[in-house]
Amino acid sequence: MVEFSRRTVLQMLGAGGAMAAASTGFARNAFAAGRDKEMNILCWEGYNSAQVLDPFRTEFGATVKAESLTNDPTMVNRLRAGETKVWDLINLNNPWARKLMWPEKLIKPLDQEVFQPYFAKMLPEFKAPFHWAMSDDGKDLLGMAQRFGPYSFVVNTDKVSRKMAEDEGWDLFNDKAIVGRYGVQESDDWNVFDMFLVAGIDPFKVHSEAEMATFLATAKRIYKGAKLIGDMASLNQALISGEIDLYLTGGTYSVSPARADGYPNLRGITPLRGPMNGKGGVMWIEVTSTVNNPNLSPLAPKFLQYVQRPEVAHTVAFAEGTFNPVSQMGNPECFKLFTKDELEAIQWDSLSEEMARSVAYDIVPDYEKALDLLNAAKRERG
Amino acid sequence: MKIHALQIQDAAISGTAKKSRGPFLTPGARCALPVIVLLLLGFAAPLTAVIAYSFAEPHSFNVFSSFTFANYAEIFNTENTVWMSFLWSLSLAAVTVLILSVIAYPIAYGMVYVFGRWSGLVSILFVFPLFISENVRLYGWVLFFIKNGVFDGTLNLLGGSDAPEVLYSPGIILFGMIYTYLPYMLFPLVLGLSLLPRDVVDAAKDLGASRYQVWREIELPLAMPGFMIGLLLTFVLAVGAIAESKVLGGQSVIVLTHDIEVSFTYAQNWPLGSALAVLITLITGGLTLFMLFKLDLDRVLGRK
């Protein structure tokens, strides 16, 4: 039997403590000395997947950490709260880089000589100078565009035809006949847009008291009549089982996994018309920017170049979670990697017309007030 | 002489005590140091941050640098309907606890007195689901109850009738909570009942007590400490429940934890979310302290 005296135990503990202190000291030194082998990404799901990151880790011998979140405001505020020291890349929807992160000096511009040529190979909607990737004055390139998609609502075309859904657009949700037959996705930032659109009001402007009152009345009605509020997996499941016939908010991003699983009758719909200068759909485009990190990893721009490669862009499009079109599909080398089924899953057949009928996701000027009303409306469900 | 010896002994004891206190801390305090540090870092620090945030300017991150009651004023504003969420959370938790106590008592009784050697297996059956993520189990129930799902399909196969629509309602939220929190009520109750001295029950029977009298005047009061711990544990957990309302209930009612989540995410109003969290902590904390005040922990742990 091994006997330990108090002295030997204390000696062992002391030695252990010293080693732990030394190792953290080494880590800190490594951190301060240079970060050429490590990189941290704050992103939407997909970029944090092993399919995307592992080949990069191997090729560059890098330690890559990625955290995935599912709403933009949280990610922006992580940087605002001082995490610019932590992250090297941030991947968000289109308006944040140009309208908020660049004015607040949370991100750094990219080298235009290196990155502008990539836009030439993208789909026509992304040709340089791409509005959402540029600073207001048009001088700085603030990020790279990759995944995108229309995002309005989703129907089961066996129950509501695509033609009728596109034609009626948001008015479909004003029809009393669908009470109890639809769901609402729990992405409240997008739901703010949608409640305005169902009310026939442009979401992306400052709203009058009367418009806000209409918004509240609409939100109350929509929430009261909804069968369920849920995540996209629950909503797709409810569509497949027949619990509901349609849901908002939704589009390629939310319905593509179900379509890929063999349910092509479920389809993202972009209305033919609406209150946003005649347009009825909303779309999103992700812009990935380098964070204004005082010790930015040199791997960050390398990663942005890495995801432009045709095969990696294809992997990003079909990374775990959701399947989405990517801007690099404008490059024939990339496009040919997509199978017929994959194109079917992301509704390639109607993608360009749906994008043309949509306005880009934007910041609602009176978002806080609208969100408070939205949550009050939600509470009245019970 | 005797007095002298005692004085010497006293002096020796006090000398030892002084010596063992050492230059800084007593051995007891030194042993408690890791726990104190852990509590300060893991419990007091986050709680302080949440309390401090609740007094920060709304929609800001000016914690410790601003002070306002605006967040509390917003919650108590008569136009604000967040009281509905408080009400739903507290009433769902109260009903869950009530139903659980009725369900768990006979099972616990059975495990202590009736099942004999099978009670180990019964324990495992109740513990086993805890190894699977709560969300996965709840999504499993959705697949069971959903239209054309397992339940509906089986009924159709057997009798041709459709299953009743139970998903996306407050009732199914309650079901989910009862299902999730059953073990947390059951095992404290088992502990409470197993500490009950059998002799007392036998004595009561020998003295002519009826079965009801034995239960009412012997078993229940003696098992009460375990029962109280079960009530407390399940109530505190159930007040914080969110997955049942989201996954099974389709948010047919909005619980307080959902409002807190929205404040910290989509609304990015951490101060308001913190104020809501502080208020619900005060309510559950007050209840816990009240119950603990009433409760004799030494008896529960069998030290008396």
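**Strands, helices and contacts**

Mentor: Let's begin with strand E8 of chain A, residues 246-251, which is mostly covered, with 6 of its 6 residues buried. Keep in mind that this is a predicted model.

Trainee: Okay! How do E5(A) and E8(A) pair, parallel or antiparallel?

Mentor: Antiparallel, over 5 bridges, with E5 being residues 144-156 of chain A. To find that pairing on screen, look for A:Tyr151, whose bridge partner in E8(A) is A:Gly251.

Trainee: And how many bridges join E6(A) to E8(A)?

Mentor: Strand E6, residues 182-185 of chain A, is joined to E8(A) by 3 bridges, and these two strands run parallel. There you can look for A:Tyr182, which stands opposite A:Leu246 in E8(A).

Trainee: Let's move to E10(A). How many of its residues are buried?

Mentor: In strand E10, residues 281-291 of chain A, 11 of the 11 residues are buried, so the strand counts as mostly covered.

Trainee: Which way does E3(A) run against E10(A), parallel or antiparallel?

Mentor: Strand E3, residues 89-93 of chain A, pairs with E10(A) in the antiparallel sense over 5 bridges. A:Ile90 is opposite A:Ser289 of E10(A).

Trainee: What about E4(A) and E10(A)?

Mentor: Strand E4, residues 107-108 of chain A, is antiparallel to E10(A) and joined to it by 2 bridges. The residue opposite A:Lys108 is A:Thr290 in E10(A).

Trainee: Nice. Now some helices: at what angle do the axes of H7(A) and H16(A) cross?

Mentor: Helix H7, residues 188-198 of chain A, and helix H16, residues 367-379 of chain A, have axes that come within 10 Å and cross at roughly 90°. That is why H7(A) counts as roughly perpendicular to H16(A).

Trainee: Which residues of H7(A) and H16(A) meet?

Mentor: From H7(A) you have A:Asp188, A:Asn191, A:Val192 and A:Met195, and from H16(A) they meet A:Tyr367, A:Ala370, A:Leu371 and A:Leu374. By class, the contact of H7(A) with H16(A) has 6 nonpolar residues, 1 polar and 1 charged.

Trainee: I also clicked on A:Glu344. Where is A:Glu344 found?

Mentor: A:Glu344 is in helix H14 of chain A, residues 340-345. Because A:Glu344 has 15 C-beta neighbours inside 10 Å, it counts as partly exposed. If you leave aside its neighbours within four places in sequence, A:Glu344 is in contact with A:Arg259 and A:Pro264.

Trainee: Zooming out, how many helices and strands are there in chain A?

Mentor: Chain A has 16 helices and 11 strands. Its 382 residues are 47% buried, and the C-alpha trace spans about 80 × 55 × 45 Å along its principal axes. Of the contacts in chain A between residues at least 6 apart in sequence, 76% join residues at least 24 apart.

Trainee: What does the secondary structure of chain B come to?

Mentor: Chain B has 14 helices and 0 strands. Of its 304 residues, 30% are buried.

Trainee: How is chain B divided?

Mentor: Into domain 1, residues 1-54, and domain 2, residues 77-300. In chain B, 4 residues of domain 1 are in contact with 6 residues of domain 2. The domain 1 side of that contact has 3 nonpolar residues, 1 polar and no charged ones.

Trainee: Last one: how many residues of chain B are in contact with chain A?

Mentor: 25 residues of chain B are in contact with 25 residues of chain A. On the chain B side, the elements giving two or more residues are helices H4 (82-114), H11 (243-248) and H12 (256-264). H4(B) gives the most, with 3 residues. By class, the chain B side that touches chain A has 12 nonpolar, 10 polar and 3 charged residues.

Notes: Residues are numbered from 1 along each chain as its sequence is written. Chains are lettered from A and ligands numbered from 1 in the order in which they are written. This is a predicted model: local features need pLDDT of at least 70, side-chain atom pairs count only at pLDDT 80 or more; totals for chains, interfaces and linings use all residues. Two residues are in contact if their C-beta atoms, placed from the backbone, lie within 7 Å. Helices (H or I, at least four residues) and strands (E, at least two) are DSSP runs, numbered from the N terminus. Ala, Val, Leu, Ile, Met, Phe, Trp, Tyr, Cys and Pro count as nonpolar, Asp, Glu, Lys and Arg as charged, and the others, Gly among them, as polar. Domain bounds come from an automatic or database domain assignment. A residue is buried if 20 or more other C-beta atoms lie within 10 Å of its own, exposed if 12 or fewer, and partly exposed in between; C-beta atoms are placed from the backbone. Axes are lines fitted to C-alpha atoms, for helices over the stretch in contact, and angles run from 0 to 180 degrees between N-to-C directions. Angles under 35 degrees count as roughly parallel, over 145 as roughly antiparallel, 65 to 115 as roughly perpendicular and the rest as oblique. Two strands pair if DSSP finds at least two bridges between them.
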